[in-house]
Amino acid sequence: MAGDRTPTMLGWDGITDTADRIASEVRADKVPDVLVGVLRGGVIPAVLLAHALGVRTVRAVEVLHTTADGIDAVKSAAPQVANAASLGDLTGADVLVVDDVAGSGDTAACTVELVRTAGAARVRTAIFVVNVGNWRRPHDPGQALTYIGTVIDGWVVFPWERP
């Protein structure tokens, strides 16, 4: 329910099942050359997918939209990029951008643009969880994102975020 402050707690079994399912979908479309994990939370799913797909080239880029950790944390007006150069040269590469969660969709859109600017020939996205309660892009998540693990309406806590 929108506005419900009780977070959905995800476990490792669900995360690895999601990684396997997304990897199967990606494999059917062609295994990418490079995976880019969005720091912080997207790096763990990126590594899980890299292993499942047999991709050895994984990069990370820091694109932050939430200003703090915690339920209903405040977001900056626009995603903030730190060290876009960490992507390196992606000229001609088929790239899969991976993040743990998409709320508004702004971070994914910003990261896709960074990857295109770095020269990628093809850019796809894999988001483990979409929080539709916060979605605000012009297209619904299924049109804006390539692969979606699950869709919920509310805050999510991943196993790597637990104390």
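This tour moves through a predicted model, one selection at a time.

**Stop 1: Threonine 18**

Begin by selecting threonine 18, which sits in helix α1, a helix covering residues 12–29. The relative accessible area of threonine 18 is 10%, so the residue is buried. Display the neighbours next: leaving aside residues up to four places away in sequence, threonine 18 touches Phe128 and Gly149.

**Stop 2: Leucine 90**

Select leucine 90, in the loop that runs between β4 (75–82) and β5 (94–102). Is leucine 90 buried or exposed? Leucine 90 counts as buried, because its relative accessibility is 1%. With residues up to four places away in sequence again set aside, the contacts of leucine 90 are Val34, Arg59, Val95, Val115, Ala118, Gly119 and Ala120. Leucine 90 and alanine 118 are 28 residues apart in sequence, and their C-alpha atoms are 5.3 Å apart in space.

**Stop 3: Aspartate 94 and its arginines**

The next selections concern charged side chains; the structure holds five salt bridges. Select aspartate 94 together with arginine 122: the two form a salt bridge whose closest N and O atoms are 3.5 Å apart. This pair links distant parts of the chain, since aspartate 94 belongs to strand β5 and arginine 122 to strand β6 (residues 122–131), 28 residues apart.

Arginine 124, at 2%, is buried, whereas arginine 122, at 32%, is partly exposed.

**Stop 4: Aspartate 106 and arginine 136**

Select aspartate 106 and arginine 136, which form a salt bridge with their closest N and O atoms 2.3 Å apart. Here too the pair links distant parts of the chain: aspartate 106 lies in helix α3 (residues 106–117), and arginine 136 in the loop between β6 and α4 (141–144), 30 residues apart. With a relative accessible area of 9%, aspartate 106 is buried.

**Stop 5: The aromatic residues**

The structure holds two aromatic pairs. For one of them, select tryptophan 12 and tryptophan 160: the ring centres are 5.5 Å apart and the planes stand at 50°, so the pair is tilted. Tryptophan 12 lies in helix α1 and tryptophan 160 in the segment after β8 (156–157), so the pair ties together parts that are 148 residues apart in sequence. Tryptophan 12 counts as partly exposed, because its relative accessibility is 43%.

How are the rings of phenylalanine 158 and tryptophan 160 arranged, and what is the distance between their centres? Their centres are 4.9 Å apart and their planes lie at 10°, so the pair is stacked. Phenylalanine 158 is buried, with a relative accessible area of 0%. Trp12, Phe158 and Trp160 form one aromatic cluster.

**Stop 6: The second largest pocket**

Finish with a surface view. Rolling a probe the size of a water molecule over the atoms shows where empty space is left. The second largest pocket contains about 200 Å³ of space. To find its centre, select Ala108, Ala109, Val112, Ala144 and Leu145, which are the closest to that centre of the 16 residues in the lining.

Which elements give two or more residues to the lining of the second largest pocket? They are α3 and β6. The largest share of this lining, five residues, comes from α3. Colouring the lining of the second largest pocket by residue class shows eight nonpolar, four polar and four charged residues.

Note on methods: Residues are numbered from 1 along each chain as its sequence is written. This is a predicted model: local features need pLDDT of at least 70, side-chain atom pairs count only at pLDDT 80 or more; totals for chains, interfaces and linings use all residues. Side-chain values use heavy atoms; hydrogens and water are left out. Helices (H or I, at least four residues) and strands (E, at least two) are DSSP runs, numbered from the N terminus. Buried means under 20% relative accessible area, exposed over 50%, partly exposed in between (1.4 Å probe, protein chains only). Contact means heavy atoms within 4.5 Å. A salt bridge is a side-chain nitrogen of Lys or Arg within 4 Å of a carboxyl oxygen of Asp or Glu. Rings of Phe, Tyr and Trp (its six-membered ring) pair if their centres lie within 6.5 Å; planes under 30 degrees apart count as stacked, over 60 as edge-to-face and the rest as tilted. On a 1 Å grid over the protein atoms alone, a cavity is a set of points where a 1.4 Å probe fits but cannot get out, and a pocket is an open set with protein on both sides within 12 Å along at least five of seven lines; lining residues have an atom within 4 Å of a point. Grid points are joined across faces, edges and corners, and a volume is the space filled by probe spheres set on the points. Ala, Val, Leu, Ile, Met, Phe, Trp, Tyr, Cys and Pro count as nonpolar, Asp, Glu, Lys and Arg as charged, and the others, Gly among them, as polar.
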